[in-house]
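Subject: Structure handover

Hello,

Here is the structure I promised to pass on. Please open it beside this email and follow along.

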Amino acid sequence: FSLPLNMMNIELSEKPYFSVGLSVAVAKFLSMRAGVLIKSGNMRATIGSAINIGNVAFDINYTLDLVTQLQPLNRVTIGVRLNFGDGNRKQNGDKVDEYYLAGLEAYSQGNDDEARRLFTEALAINPHFDPAKEGIAAIDNFASLLKRIDDMQTLDY
């Protein structure tokens, strides 16, 4: 369901419309699709399929605009998608999460050295993973606080 709003002049906003679609995997390499769009007196129906061949997917669709007449080829769309992979981002992200969560557990048990090692492992994989940086900063801040408390308990303070 869509409700387009013209923020400059609400009176110029389009009327609400909706669409619905369905995709069914017929085989590992083939899925069939169908959909309907109903928009202020203009109804469109689309049928098509997606064919996956290795890292290449072909999308073939036919759209029937029910306001106009059926025309054989001017409503056919063909698209090509290339899957280059994610460069192991998912696996690396999972490993970073694993190290980080293990680091939090070690930190919560008072094992600061192990927590620091695990946070550092997470940062070795993803140097921009701020939660691990914050974990190391928390360890450093806690150590600094403990040293300050110890210093305050001496006569030389």
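**Salt bridges in the helices**

Lysine 90 and aspartate 94 both sit in helix H1, 4 residues apart, which is about one turn of the helix. Keep in mind that this is a predicted model. The two residues form a salt bridge, and their closest N and O atoms are 3.0 Å apart. Side chains of opposite charge can pair when their charged atoms come close. Lysine 90 is exposed, at 52% relative accessibility. Aspartate 94 is partly exposed, with a relative accessible area of 37%.

Helix H1 has another such pair. Lysine 95 and glutamate 98 meet through their side chains in a salt bridge of 3.5 Å, N to O. They are 3 residues apart in helix H1, so about one helical turn separates them. Lysine 95 is partly exposed, at 32% relative accessible area. Glutamate 98 is partly exposed too, at 46%.

Aspartate 140 and arginine 116 form a salt bridge through their side chains, at 2.5 Å from N to O. This pair links distant parts of the chain: aspartate 140 is in helix H3 (residues 130–152), arginine 116 is in helix H2 (residues 112–125), and they are 24 residues apart. Aspartate 140 is partly exposed, with a relative accessible area of 35%. Arginine 116 is partly exposed as well, at 29%.

How many salt bridges does a search of the whole structure find? The search finds 9. Some are joined up: Arg33, Asp59 and Arg81 are linked in a network of salt bridges.

**The sheet**

Next, the strands. Strands of a sheet pair through backbone hydrogen bonds, either parallel or antiparallel. Here, 5 strands make an open sheet in the order E1-E2-E3-E4-E5, with antiparallel pairing. Which are the edge strands? They are E1 and strand E5 (76–82), and each of them pairs on one side only. From one strand to the next, the twist averages 15°.

E1 and E2 pair in the antiparallel sense, over 10 bridges. Within that pairing, glycine 21 stands opposite glycine 35 in E2.

**Two buried residues in the strands**

Is serine 31 buried or exposed? Find it in strand E2 (residues 30–39). Serine 31 has a relative accessible area of 12%, under the 20% cut-off, so it counts as buried. Leaving out residues up to four places away in sequence, serine 31 touches Ser23, Val24, Ala25, Val26, Gly48, Ser49 and Ala50.

Asparagine 61 lies in strand E4 (residues 56–65). It is buried, at 18% relative accessible area. Asparagine 61 and isoleucine 78 are 17 residues apart in sequence. In space, their C-alpha atoms are 6.6 Å apart.

**The segment before E1**

Go back towards the start of the chain. Leucine 3 is in the segment before strand E1 (17–27). Leucine 5 is found in the segment before E1 too. Leucine 5 has a relative accessible area of 53%, over the 50% cut-off, so it counts as exposed. Pick out serine 23 next. Leucine 5 and serine 23 are 18 residues apart along the chain, and 29 Å separates their C-alpha atoms.

Both leucines belong to a nonpolar surface patch of about 880 Å². The patch is made by Phe1, Leu3, Leu5, Met7, Ile10, Phe18, Ile38 and Met43.

**One backbone angle**

Last stop: asparagine 88. Where is it? Asparagine 88 is in the loop between E5 and helix H1 (89–108). Its phi is near 65°. That is a positive value in a residue other than glycine. Asparagine 88 is partly exposed, at 45% relative accessibility.

Best wishes

Note on methods:
Residues are numbered from 1 along each chain as its sequence is written. This is a predicted model: local features need pLDDT of at least 70, side-chain atom pairs count only at pLDDT 80 or more; totals for chains, interfaces and linings use all residues. Side-chain values use heavy atoms; hydrogens and water are left out. Patches are made of residues with over 30% relative accessible area and no salt bridge: like charges are joined within 9 Å, nonpolar side chains (Val, Leu, Ile, Met, Phe, Trp, Tyr) within 5 Å. Accessible areas come from the Shrake-Rupley method with a 1.4 Å probe; for residues, only the protein chains shown count as cover. A salt bridge is a side-chain nitrogen of Lys or Arg within 4 Å of a carboxyl oxygen of Asp or Glu. Buried means under 20% relative accessible area, exposed over 50%, partly exposed in between (1.4 Å probe, protein chains only). Contact means heavy atoms within 4.5 Å. Two strands pair if DSSP finds at least two bridges between them. Axes are lines fitted to C-alpha atoms, for helices over the stretch in contact, and angles run from 0 to 180 degrees between N-to-C directions.
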